[in-house]
Each structure stands twice: as C-alpha cells, then as structure tokens.
Amino acid sequence: MKYLRLLLVLLVFTTVNAFAQEKQNNFEISKSIDIYNNVLRQLNMNYVDEIDPAELNESAIKAMLDGLDPYTVFISESQIEDVRLMTTGEYGGIGAIIQYFEGKSQIAEPYEGFPAAKAGLIPGDIFLEVNGINVEGKNTAEVSELLKGTPGTTVTLKMQRPGEKEPFVKELKREKIKIDNIPYSTVFDNGIGYAILSQFTKDCAKELKDVIVDMKKKHELKGFILDLRGNGGGLLNEAVDIVNMFVPKNKLVVYQKGKVKDNNYNHYTQHEPLDLDIPLVILVNEGSASASEIVSGSIQDFDRGVIVGQRTFGKGLVQNIFPMSYNTQIKVTVAHYYLPSNRCIQEIDYSKKNKKNVTDTVAKADTLGPEFHTANGRIVYEGHGIMPDVKIEPEMVSTITTYLYAKNLFFKYANKFYREHKSIKPAKEFKIDDKTYADFMQFVKDEGFTFTSQCETEIKELEKIAKLEGYLDDIQPILDQAVAKIEEEKANDLVNNRDEIEKMLETEIVSRYYYQKGRIIAALDDDPELAKAFEIILNKEEYKNILKGTK
C-alpha cells in the first residue's frame, strides 16, 4: 500500500512538473515571437536604408536553426522542387549536372537521353543567359533555379563553348527528369551480380528487386554485390524494403525514438524475402550515410551479408517534413534510429556545443563506442557509423593528382579530347595510350600548371621558425638545396604517378561518350573493394567464417 501511495505521488509530481515545463515553454515562445515582431517592425520603420523583410526573416530562421543540427532546415517556396528531387528523384528541367569554376557556371555532365544531351550541350559549355537573364558570375544554385520549371515549358539558353569564338543559342523543352536510382547493374563473368544504388528515392527497392529477379532468370548467380559507396541516403521505408529482400518477414529492421511519442516507431519487414541464401556483400565508404547505414547495419546485425570498405558516415537521425504557411516547409530532426542490435550509429552529438557553437566530437578515427552483438554474437559498436566486417584502406592519391583535379585539368582535357575524337572503344576497353598521355602532359604544361608539394610547404614553415630562432643563415644553403631537389623530382611527377593519373583521366574521358554509366564501368576496372568482394563470395568458407565471427 505504501508502495502504491509513493508511486501515485511520483506520478502526480512528474505530471505537474511536465505541465509546468510546457507552460513555461509556451510563455517563452509567445514572448520571443512578440520581441521578434517588434524588432522587425522597428527595423522596417526606422532603419536608414530600405530593407527586405522576407529576406531578413529567412536569415533569422536560418540563424535559429544553425544552433541545432545540419539536417533541421527551413524550406522556402522556391526550394520545394529540391525537396521533390530528394524524395522522388524527379524534377522538371533540362537534365544536367552544373558546376561553378573560375567564376562561371557550366555544364559538368548532361544526363543521357534528356533535353541537354539531346540539344547537343556538352561538358564545359558555359551559361551566359537563361531566358534572357544574364547569368555570368551567378553560382550553380542560382542558375539551376532558372533552369528548373514545369515539364513541357521551354527555356532559351545562350551558351559559350570553349574553343569557339561566337556564343550559340539553344531552345530546350523542359522534361520530367528522373535520376536513376540504379545507374548501373551487371552480372560479371564470374557469375556474381552487381548493382550500384545511388540514392534512396521512391520505388528504388522495387527497381532493385526487379534487377535481381532479372539476373536470376538469366544467370545462375554465385552471389550479389550491392554498392552503396557515396550513397547519402533518402527514404527510410525504401531501406527497410531492401533489407526485406534478404531477411524473413516480420523482422525488426530499425526503430526510431524521439521526444514526441508519435515519432517512436518500429519498422518491420512486411513481405516474403526474395532470397535468404545468396551470398551477399555490401560495399560502403565514408560517403555512405543514413538509409545506406540502415541497410548495411541491419544486414550486418542479422549476419546476412558481409560489409566491405571503409567506416560509414554515422548519421542516425530521422527527419520529417512539416508543411507551413505560404507554401513553405520545415524539415525537422524528430528521432534517432536504432538497428536490430539496439545500437545507434549517430557519429556526432549535436546537443553538445561549445561556446563558439562548434560541436565537440571525436575525430573520425577507429574509436570504439559501447559494444552490441549481432545475431551470431559478433561484436559491433555504437556511435561511429557502420564499421565494415572487412576493412579496405582507401587509396591515397599523390599531391600532383589532387592538384590536377582541383584545377579542373582532367575535366578540361576530356573536353578537348572529345572535340578531337568522334568515338572511342567501349567503356570497359578504353585505355590511355602513350600518345594520349604525352598529349595530356603537353596540355598540362600549356595550361601553366604548377603546384606546391607538402615538402615545400614544410620547408617554408621551417624557414620562418629558423629565422625566429636565429638558425636561418646557417641552414639556408641546405634548405635551398632541398628545394632544388624537390623541383627536380616534381618535374617527373606526371611520369612517376602515371597509373593513378591515367585512371582518373580514363573515367573522365569515357563519361564524354558513355555518360554516367560509362564512368561507372571505367571506375570498376581495378577496384580493390570490388576485387575483395569477389574473393569473399567465391571463397565459401571465408564468407561463412566472417559471418560466424571466426575470421
């Protein structure tokens, strides 16, 4: 009886306390809105220059949300099309990736079969005007907004093609652009199926299922590889349906927990699986996030497949989009999600901020959080993304390759090559020969390419320190000799690093002729993660031992 009485007292106290807290919060909200309205009114009446209230309001909202996490954002009316793209993979436009380089917005890659490609626009074409509006100097977001619109409407573009004196004009009819969820799939000669999933938008699970069903009809698959590298996520229900292809019905794939009870939800598999036995490998890297981590993490927790690659991004937050007045929306983080082993893989705790509004977090090293266990008892860890079962160190590129990429020289040379060559071999067969590489080296020289090596940077720092400490006069001859030797070696860097430079050049050139699919095919050649996936699937004992935790 005393226990019941104590319980009742605690319950009443908790309820009263919660009610008081809610009342206090409501008062603070009303007070804050009143202050904000007065500030905006005073600025509008008294500020020395004319103000744009709408622009100030949007800036104030963004500043408020910046204090939370990067996924809680305000969506203005003009950004609704971007939301549609994120959730459906569709938008109305010309179908091209745009990049901003050296103060110019230009075509980076047209999508095969869509208006930009059909109109003959090619990578490197620079935007001068869109529907009569001068866009010189405007960034990609500003140009993209002008290019998007209702399918069926026309857009007139004034463009400048490098190497040609006169601009040209194209009139394009906008179409509904659907970005492929699965830009490439194949069955390799070794009998292993492969599909790269680029995003989790509407119907991607159905599309993946159709791909696998078709593969199984035409081939006796020895295994299947799902490539989620660089896939930043998307719709949670699509992730659950993809897991469902490989695990039984009524299994808990992921659950979410938030402050509001309505945001607590368990997501179970709802269909009969496609295949419970086919050897499965999932490729991931640090760009694999959110829905990609639900798929790879759940498959790992069920011990249903082997995860290969690098540690994933670590986004264990769930967002909902709420409609607001004047056709605006707000995307709000409403919950954390948890995998079947009960672990949350969120990397950063955004609730902990220092006085400079910077989130304190552990560097992305292989630090370990609390232990959890898979179905077979293997140890997995919370809080740091998905740690692959088989870790492959990312390939490091040389300093010269990094600078060539940063200065857009691969892109520029591929455009030059495309103008000079009407066709090339199929994407899988195309290779850079000696003549082409010599031409590339000459092109780089003609572009006036220079770069600063890490060694040179360190020597400059050493000179500053030596000068402060009074050693510079004594060691300057040695430093000058070292710099001269580095310059001598740098002259050979294009030759010494030919293999990795060729690889990047090949994928860039291939994309001019075979678009995104060709780029993927070229990149898969000599891919260490893919090679390891083959090895694991074809070695049945190794595959089983990894999932048992005995390897």
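A salt bridge here is a side-chain nitrogen of Lys or Arg within 4 Å of a carboxyl oxygen of Asp or Glu. By that definition, a search of the whole structure, which is a predicted model, finds 32 salt bridges. Let's visit some of them.

**Stop 1.** Select arginine 229 and aspartate 227. Their side chains meet in a salt bridge, at 2.8 Å from N to O. Is this pair buried or exposed? Arginine 229 and aspartate 227 are both buried.

**Stop 2.** Now select helix H12, residues 454–469, and show lysine 464 and glutamate 461. A salt bridge joins these two side chains, with 3.6 Å from N to O. Because lysine 464 and glutamate 461 are 3 residues apart in this helix, about one helical turn separates them. Glutamate 461, at 38% relative accessibility, counts as partly exposed.

**Stop 3.** Next, select glutamate 542 and lysine 532, whose side chains form a salt bridge at 3.7 Å, N to O. This pair links distant parts of the chain, 10 residues apart: glutamate 542 sits in helix H17 (residues 540–548) and lysine 532 in helix H16 (residues 528–538). Glutamate 542 and lysine 532 are both buried.

**Stop 4.** Finish by selecting Glu109, Glu508, Arg512 and Arg519 together. Salt bridges with shared partners join these residues into one network.

Technical notes. Residues are numbered from 1 along each chain as its sequence is written. This is a predicted model: local features need pLDDT of at least 70, side-chain atom pairs count only at pLDDT 80 or more; totals for chains, interfaces and linings use all residues. Side-chain values use heavy atoms; hydrogens and water are left out. Buried means under 20% relative accessible area, exposed over 50%, partly exposed in between (1.4 Å probe, protein chains only). Helices (H or I, at least four residues) and strands (E, at least two) are DSSP runs, numbered from the N terminus.
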